[in-house]
Amino acid sequence: QMKRYAFGVDIGGTTVKMGLFETSGTLLDTWEIPTDTSENGGHILPDIADAADKKLKEKGISPLDIEGIGMGVPGPVSPDGTVLKCVNLGWGVFNVEQELNKLTGFKVKAGNDANVAALGEMWQGGGKGFKNLVMVTLGTGVGGGVIIDEKILAGTNGAAGEIGHIPMKDGETETCGCGKKGCLEQYASATGIVRITKMYLAENPDAATVLKSEGITAKDIFDAAKEGDKVALAMVDEVGRMLGKALASISCVVNPEAFVIGGGMAKAGAIVIDSIKKYYSQYAFHASRNTVFKAAQLSNEAGIYGGVRLVLE
């Protein structure tokens, strides 16, 4: 018998987002606590346990009515709940599910944050109604999550869905945050589009454009493109080409029903998805050409929704 409530947790580098849900999928309350990374992140799980306990007391809910806690973690998580280092939390290698279970007595499930967010979008967001989808998060980097038959595809050690690091370009001189050169996210993330635009402006100082190299943001570029600025349009087109090509490669492997596009950059709206779709249909294998493109809907709450969905499996 499924219990009535569950907690969803999304651990970020600065804050931990928490949600109290009904297991039917309704979010009842959401709040944040600071991520205490001191002492190698040793306080993070006790702080989460404490916050969950406080919330139950505040709401007058018995711990016996809690199905469990599900959480997204910023790093690879193996299927048994072992985190394999979360550098920005100070964590080494340990079993996060067992640790939090000891602290709370609840069933605990953990997964990589991008994968868990994808699960959340499938359950209650832009991917609702699909069993096979790929979530693409366009933010500072390019994140991803692959859902097959309503389950996260984690891979051997939790690194499946790292689509930002698909190699796209030979001869790149700058290094990606991951240590490689020529990764998708070097071109197609919010940071990436700024980078390629600055390079273009440096090479074409006389280009007719409203864009200036200093202090330019991804939003500036998309806003200018919507106004018809030729340089901005060319940059958006290049990002669409890179993403369209990468997603066509992904669809050759997993053949999803839908791509769900989210992250800060997706807030620019149709211009982003239209640009990707244009190139996707050129590059995709004929049997995968009709993949649906959807906008993510849960914004930064996708992770807590996905955490709960993880517990319900």
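Which residues of H10 are buried?

Tutor: This is a predicted model, in which local features need pLDDT of at least 70, side-chain atom pairs count only at pLDDT 80 or more, and totals for chains, interfaces and linings use all residues. Residues are numbered from 1 along each chain as its sequence is written, and side-chain values use heavy atoms, with hydrogens and water left out.

The buried residues of H10 are Ala 302, Gly 303, Ile 304, Tyr 305, Gly 306, Gly 307, Val 308, Arg 309, Leu 310 and Val 311. Buried means under 20% relative accessible area, with a 1.4 Å probe and protein chains only. Helices (H or I, at least four residues) and strands (E, at least two) are DSSP runs, numbered from the N terminus. Because 10 of its 11 residues are buried, H10 is largely enclosed by the rest of the structure.

H10 (302–312) is also among the elements that give two or more residues to the lining of the largest pocket, as are strand S1 (5–11), helix H4 (113–124) and helix H9 (270–283). A pocket, on a 1 Å grid over the protein atoms alone, is an open set of points where a 1.4 Å probe fits, with protein on both sides within 12 Å along at least five of seven lines; lining residues have an atom within 4 Å of a point. The largest pocket holds about 1,200 Å³ of space, a volume being the space filled by probe spheres set on the points, which are joined across faces, edges and corners. Its lining has 49 residues, and Asp 113, Ala 114, Ala 117, Thr 137 and Gly 143 lie nearest the centre. H4 gives the largest share of that lining, five residues.

As for the cysteines, the whole structure has zero disulfides, a disulfide being a pair of cysteine sulfur atoms within 2.5 Å. For Cys 86, the nearest cysteine sulfur, that of Cys 178, is 17 Å away. Cys 86 is buried, with a relative accessible area of 0%. The sulfur of Cys 176 lies 3.9 Å from that of Cys 178, its closest cysteine sulfur, which is too far for a bond. Cys 176 is buried as well, at a relative accessible area of 6%.

Technical notes
Buried < 20%, exposed > 50% of the residue type's maximum accessible area, 1.4 Å probe, protein only.
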